[in-house]
Amino acid sequence: MSKKFSISGIASSAYVHIPFCRRRCFYCDFPVFVVGDRLRGETSGTISQYIEVLCQEIAITPAFGQPLKTIFFGGGTPSLLSIEQLQRILTELHKHFGIASGAEISMEIDPGTFDLAHIAGYSSAGVNRVSLGVQAFQSELLQRAGRSHSVEDIFAAVELIHQVEIPVFSLDLISGLPHQSLDQWQDSLEKTVAMSGDKSLLAYAPTHISIYDLTIEPGTAFGRYYKPGDTPMPTDEATVKMYQMAQQVLTSAGYEHYEISNYAQPGHQCRHNRVYWENRPYYGFGMGAASYVEGKRFTRPRKTKDYYQWVQAGGVIDCDVTPPKEVLLETLMLGLRLAEGLSLAALVEAFGEEKVEKICRCLQFYFEKGWVEIAEGRLRLIDPQGFLFSNVVLAELFEKLG
């Protein structure tokens, strides 16, 4: 676990963006390229060309001598890649940076986009953690969200994952979808932890669960259809109940609520995502990917043509080192997402005692309200109320420290 915060440091994690999807979900604002239901890595020249450019970017990126301890293939839909394409990327990463023994190699996968041969091939290539994008267990909600898979596809995907015996299996759900009821949400949670349902997952329960509250982004289909607070969006009261229900159901089933949106069985927290929350350096590769290396945050072009031109021009990152004030705010914003919060001693070492005393003064109201506490030398939000109102707490810090 990270003890210090720094604007420098050697990156030992890499995010790899695979931007291809069968269709664009109605809530998605990620940089993605729609290839339809019939094309995938084996048959798409577009995907093949992207992999060539992606590997070129990896090859021209300066390496700083530490092997990668975590790799995360996100998207998009990485499970549209062929086994050979995934292996090609991993080979390039290993050749250029090295991959540590025991590295966590995660891959986002969607139901209905892979078969037994693919998931077995991904596992053989080195993938030891998969994140299955389920989102809901109700056909009507999947259709309203623009998802390309069915409920039947979910159970088939889980069966394939367990046939291959992937060591760590994470499952994603979304709360606050249009028309989503509390009963539907409870049903999704219970099916996830295998407590009920006509087709119980029982022995197939995931080792990690991510719960995302829907955010309506400008430029998305949902952004055109709905405004926050409008029918058929759930009310604020309903989304709070959904959050509290998730916390109660999942912790009762033995999952640790270790981050605002994430739950894990003991020993199965996502090592890669902790790099972000602990504000440590990481490489980013691919269209729209962000990196944080040598104190610099940089996001690659979000459009395919612009990204290709950027790589062909040498992939030069032209940005300034993040100022210490911004590093402090980022550290607070990210670290307070974790259940254990932030070490006060590490904050003092990185930013000074005076600054930490000011942070504590800013939070006095929330200490009294029972949303924030200092315990065992750590500043942290109290679950569930502190997590629920984290944006309020952070807004106060940003206003008074910014």
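Reply: A crossing is left-handed if the near helix is turned anticlockwise from the far one by less than a right angle, and right-handed if clockwise. Here α2 passes α3 in a right-handed crossing. This is a predicted model, where local features need pLDDT of at least 70, side-chain atom pairs count only at pLDDT 80 or more, and totals for chains, interfaces and linings use all residues. Residues are numbered from 1 along each chain as its sequence is written, and side-chain values use heavy atoms, with hydrogens and water left out.

Me: At what angle do α2 and α3 pack?

Reply: Axes are lines fitted to C-alpha atoms, for helices over the stretch in contact, and angles run from 0 to 180 degrees between N-to-C directions. Helix α2 (residues 83–96) packs against helix α3 (residues 116–125) at about 15°, with the axes 9 Å apart. The two are therefore roughly parallel (under 35 degrees; over 145 is roughly antiparallel, 65 to 115 roughly perpendicular, the rest oblique).

Me: Which residues of α2 and α3 meet?

Reply: Contact means heavy atoms within 4.5 Å. From α2 come I83, L86, Q87 and L90, which meet A117, H118, G121, Y122 and A125 of α3.

Me: And how are α12 and α13 oriented to each other?

Reply: Helix α12 (residues 344–351) and helix α13 (residues 353–362) pack at about 130°, their axes 7 Å apart, and are therefore oblique.

Me: What is the strand order in the open sheet of three strands?

Reply: Strands of a sheet pair through backbone hydrogen bonds, either parallel or antiparallel. Two strands pair if DSSP finds at least two bridges between them. In this sheet the order is β14-β16-β15, with antiparallel pairing. β15 and β16 (residues 378–381) share four bridges, and V372 has L381 in β16 as its bridge partner.
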